[in-house]
Amino acid sequence: MSGGEKTEAKTETKYPWSNYTLKLGRGEPVSTTQYVLYAVQIAAIIILSYLSVSLLGPLSYSGISLFYFVYPFFLVFTMWWGIWGIISAYVGCVLGAGLMVGLGVVPSLAYSIADFVPPLVAFMVWRGLLANRGFDPLWRDLTEKEVAGFKTNRVGAWFWFILINGIILNAISAELGIGIQFQLGLVPGSAYWLWWAGWFAGDLLAMVIITPVLVKGLTNLVERQGLVNHGWVT
Amino acid sequence: MEKPKEEARASKKYVCTFIFSMRTGTPIEKLHVITKFLMIAAMSVLALYMFDIPVSKGGPDIIGLVLLLVLVFGLLIISRTAKHLVSSYLILALPVLFGEFFWWLFFNGSLPGAKIVFYLWPGFLPIGISTLVFVGVFSLVYYKLRSIGWSLVAGLLLWWFTIMPSSLSFSSATTWARIPIGVTYSFSLPQWSTTVALSKALGYGVLIYTSFLFLLTTRDVEIAGALRQLRLSFRKSFFVALMFRNLNTILLDYQDIKIAQTARAANVIRKSIFSKIIDLAQTSIPLVATMIRRSTETGVALYARGFEASKRVTDFKETKRLSYVDFTILAILAAFLIYEVILGHSITALFTR
């Protein structure tokens with residue numbers, strides 16, 4: 001056994017989530033159930049994006065919401081379904097928080113990059129880095145003391161969750177979203193930081209409240225049904 | 001093969017679109033979905049460009065934006081979907097447009113030029129156009145909502161907007177009588193502020209109504225059919241169709257869950273914002289669980305119908321060919337884009353020269 005294989009074997013048995021990696025997938029084509037599920041979850045994110053923006057007002061200003069409750073949904077979906085969750089974040093923003101609230105095609109396509117980046121980076125950080133350091137890439141350690149007999153580090157899980165998703169990626173998302181809208185002439189310069197703060201706070205609040213509810217209620221169910229992606233695609 | 005498809009499409013009087021429905025046989029319905037997409041994309045590029053022309057280069061193209069807005073409403077009328085817009089988003093979009101106007105009026109202080117005075121209160125109660133605005137808005141909102149509170153808020157807000165500019169509150173043409181009350185409170189803004197703010201509101205109006213033009217006149221299967229025409233595999237185009245077909249179902253699921261929450265007395269006690277957010281979070285579990293269950297069932301149904309084994313599939317009957325009308329529209333849009341964006345001409349400049 002070579003050195004690389006030894007390390008791989010060691011990490012594969014170390015944690016119950018070691019099969020969730022940054023590989024392409026399980027080495028088998030997408031099944032019909034998965035195929036439908038990936039399409040339906042994109043539809044769900046489109047509707048939730050639309051509701052996130054329109055529930056507070058009939059048509060919110062420039063697709064920016066003060067309580068963007070779809071944010072934790074696409075983060076959790078990305079952790080479950082890899083690239084499909086990332087696609088849903090982008091398409092959901094283009095259609096649900098863009099076109100359907102009247103933002104127009106070009107601004108929607110441009111500012112939705114702000115929703116594409118956080119799930120992409122979060123997926124890579126958890127699956128590629130933190131999973132090998134004892135943190136569950138499906139985020140069950142946020143709410144559970146044990147995952148499949150493995151004692152979790154809840155304080156550490158919350159620390160990384162807030163730092164990476166809530167502060168760093170959320171700030172990047174707000175900067176991209178408001179920055180692009182500013183460049184397109186949709187947000188006035190003097191109101192830049194006001195909208196930036198609204199974006200940041202709206203996403204953070206939703207993420208902290210809804211993610212634990214979603215993870216606790218559904219992750220084990222999704223995993224039991226064999227629907228969690230082992231890699232990016234399947 | 002083209003004729004039966006045309007007949008199948010013509011056999012229906014109304015077809016379901018992304019939002020509401022559309023009458024078949026209208027010129028907009030006959031357009032190819034790619035043309036419609038490029039049309040609204042070109043319009044949004046034009047709107048973004050027109051309202052962002054710097055003051056040093058002559059300022060926003062207000063007349064161009066008005067023409068674009070008229071064009072969008074014209075297309076909505078031609079497509080016979082204007083009634084859906086009137087009954088839904090036309091009025092709902094107005095607060096957004098007013099919001100846009102005021103954000104740009106007050107948060108755009110870096111504009112050059114002389115300053116003009118606006119009145120928070122002109123020192124008298126003007127009787128004139130502003131009074132008519134108040135009565136009109138109050139009556140309209142009360143007729144629609146049957147709420148005195150909201151009617152008063154909307155009426156007073158718009159009334160206040162009409163007394164703010166000195167050209168309206170101090171002109172004898174718009175103010176017919178004055179009842180002195182209190183002292184004057186005023187502030188000044190750069191002269192260009194109102195022009196820029198108006199152009200932003202008009203431009204945003206173009207963006208909103210072009211988006212709705214697309215959503216009101218496009219069917220999900222048209223997109224799937226167009227993807228097939230673009231030589232995408234059936235699996236990929238059906239994936240897109242599946243996604244769009246589930247939008248309505250998921251919205252209905254969400255509404256059912258909210259009704260179930262209400263039936264379980266979720267709204268009986270007046271709750272804090274935080275509790276309402278928790279309620280919202282609680283809808284996520286049944287929503288996602290239903291989504292997974294439905295996906296599994298649909299997956300099994302597709303499998304049972306030989307989805308994985310099928311080699312030859314029937315094309316979507318809604319697939320159309322690009323006609324000369326499509327090409328003409330695309331050519332006009334391209335010419336308009338070249339004139340305005342590439343060559344840098346302004347329609348307003350044509351009238352003000």
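Reader: Let's start with α6(A) and α7(A): is their crossing right-handed or left-handed?
Author: The crossing of those two helices, α6(A) and α7(A), is right-handed. Keep in mind that this is a predicted model.

Reader: OK, and at what angle do the axes of α6(A) and α7(A) cross?
Author: Roughly 155°, with the axes coming within 8 Å. That makes α6(A) roughly antiparallel to α7(A), because angles over 145 degrees count that way.

Reader: Which residues in α6(A) and α7(A) meet?
Author: From α6(A), they include A:Ile113, A:Val117, A:Val121 and A:Val125. On the α7(A) side, A:Ile164, A:Leu169, A:Ile172 and A:Leu176 are among them. By class, this contact of α6(A) with α7(A) has 12 nonpolar residues, four polar and one charged.

Reader: What about α3(A) and α6(A), how do their axes cross?
Author: Helix α3 of chain A, residues 71-81, crosses α6(A), residues 113-128, at roughly 40°, and the axes come within 9 Å. The two helices are therefore oblique to each other. Their crossing is right-handed.

Reader: Who makes the contact there, on α3(A) and on α6(A)?
Author: α3(A) brings A:Phe74, A:Leu75, A:Thr78 and A:Met79. α6(A) brings A:Pro118, A:Pro119, A:Ala122, A:Phe123 and A:Trp126. In this contact of α3(A) with α6(A), eight residues are nonpolar, one is polar and none is charged.

Reader: Switching topic: is A:Trp193 buried or exposed?
Author: A:Trp193 is exposed, because 12 other C-beta atoms lie within 10 Å of its own, and the cut-off for exposed is 12 or fewer. This tryptophan sits in helix α8 of chain A, residues 192-224.

Reader: Now chain B. What domains is it divided into?
Author: Domain 1 covers 1-110 + 191-219 + 318-353, domain 2 covers 114-190, and domain 3 covers 232-304. Between the C-alpha centres of domain 1 and domain 3 of chain B, the distance is 32 Å.

Reader: How many residues does the contact take from chain B and from chain A?
Author: It takes 54 residues from chain B and 41 from chain A. In chain B, α3, α6, α10, α12 and α13 each supply at least two residues of the side that touches chain A. The largest share of that side, 18 residues, comes from α13(B). By class, the chain B side has 37 nonpolar, 14 polar and three charged residues.

Reader: And how do α6(B) and α10(B) cross?
Author: Their axes come within 8 Å and cross at roughly 150°. α6(B) and α10(B) are therefore roughly antiparallel to each other, and their crossing is right-handed. Among the contact residues are B:Tyr89, B:Phe101 and B:Trp104 of α6(B), plus B:Tyr204, B:Ile208 and B:Phe212 of α10(B). The contact of α6(B) with α10(B) has 14 nonpolar, three polar and two charged residues.

Reader: Last one: why is α11(B) largely enclosed by the rest of the structure?
Author: Because eight of the 10 residues of α11(B), residues 220-229, are buried. B:Asp220 and B:Glu222 are among these buried residues, as are B:Val221, B:Ile223 and B:Leu227.

Reader: What do the buried residues of α11(B) pack against?
Author: They pack against α3 and α12 of chain B. α11(B) is followed by B:Arg231, which has a positive phi, near 70°.

Methods:
Residues are numbered from 1 along each chain as its sequence is written. Chains are lettered from A and ligands numbered from 1 in the order in which they are written. This is a predicted model: local features need pLDDT of at least 70, side-chain atom pairs count only at pLDDT 80 or more; totals for chains, interfaces and linings use all residues. Domain bounds come from an automatic or database domain assignment. Two residues are in contact if their C-beta atoms, placed from the backbone, lie within 7 Å. Helices (H or I, at least four residues) and strands (E, at least two) are DSSP runs, numbered from the N terminus. Ala, Val, Leu, Ile, Met, Phe, Trp, Tyr, Cys and Pro count as nonpolar, Asp, Glu, Lys and Arg as charged, and the others, Gly among them, as polar. Axes are lines fitted to C-alpha atoms, for helices over the stretch in contact, and angles run from 0 to 180 degrees between N-to-C directions. Angles under 35 degrees count as roughly parallel, over 145 as roughly antiparallel, 65 to 115 as roughly perpendicular and the rest as oblique. A crossing is left-handed if the near helix is turned anticlockwise from the far one by less than a right angle, and right-handed if clockwise. A residue is buried if 20 or more other C-beta atoms lie within 10 Å of its own, exposed if 12 or fewer, and partly exposed in between; C-beta atoms are placed from the backbone.
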